[in-house]
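Please read the points below beside the chain itself, since they concern ring contacts, charges over rings and strand pairing.

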Amino acid sequence: VQLQASGGGLVQAGGSLRLSCVASGSIFSSDVMGWYRQAPGKQREMVATITSGGSTNYADSVKGRFTISRDNAKNTVYLQMNSLKPEDKAVYYCNVDVRSRIYYSRPNYWGQGTQVTVSS
């Protein structure tokens, strides 16, 4: 599985950005796709995840502002980010968690990361 993320950039506080991540290779219906972020000097943290059935999970810090969605036919996951705050500044990574598969060589796959910068 290879992941290609896009859509990051510079935006003013209160603005919006939409991240996209296309997965190439086999994506199973049991795989969970998601977005994580890592700010300078901080650990990587979960932002949002989504199952193929559309069940979502969000970090408390982004609930009500971010929306994750998934197009199973296109093996693509999106993150719509609204009402952005300076503290949202980070490198955002897309992720595919394959631990629900019967066999797997590695539990997770990561994209290359896309920078999101929010100016105050």
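1. The model is predicted, so local features need pLDDT of at least 70 and side-chain atom pairs count only at pLDDT 80 or more, whereas totals for chains, interfaces and linings use all residues. Residues are numbered from 1 along each chain as its sequence is written, and side-chain values use heavy atoms, with hydrogens and water left out.

2. Rings of Phe, Tyr and Trp (its six-membered ring) pair if their centres lie within 6.5 Å, with planes under 30 degrees apart counted as stacked, over 60 as edge-to-face and the rest as tilted; by this rule there is 1 aromatic pair. The ring centres of Y36 and W110 are 5.0 Å apart and the planes stand at 75°, so this pair is edge-to-face. The pair links distant parts of the chain, with Y36 in strand β4 (residues 32-38) and W110 in strand β10 (residues 108-110), 74 residues apart; strands here are DSSP runs (E, at least two residues), numbered from the N terminus.

3. A charge sits over a ring if NZ of Lys or CZ of Arg is within 6 Å of the ring centre and within 35 degrees of the ring normal. R44 lies over the face of Y93, at 3.8 Å from the ring centre, and R101 lies over the face of F28, at 3.8 Å from the ring centre.

4. An open sheet of 4 strands has the order β1-β3-β8-β7 with antiparallel pairing, where two strands pair if DSSP finds at least two bridges between them. Its edge strands, β1 (2-6) and β7 (66-71), each pair on one side only.

5. Within that sheet, 6 bridges join β3 (residues 17-24) to the antiparallel β8 (residues 76-81), and C21 has V77 in β8 as its bridge partner.
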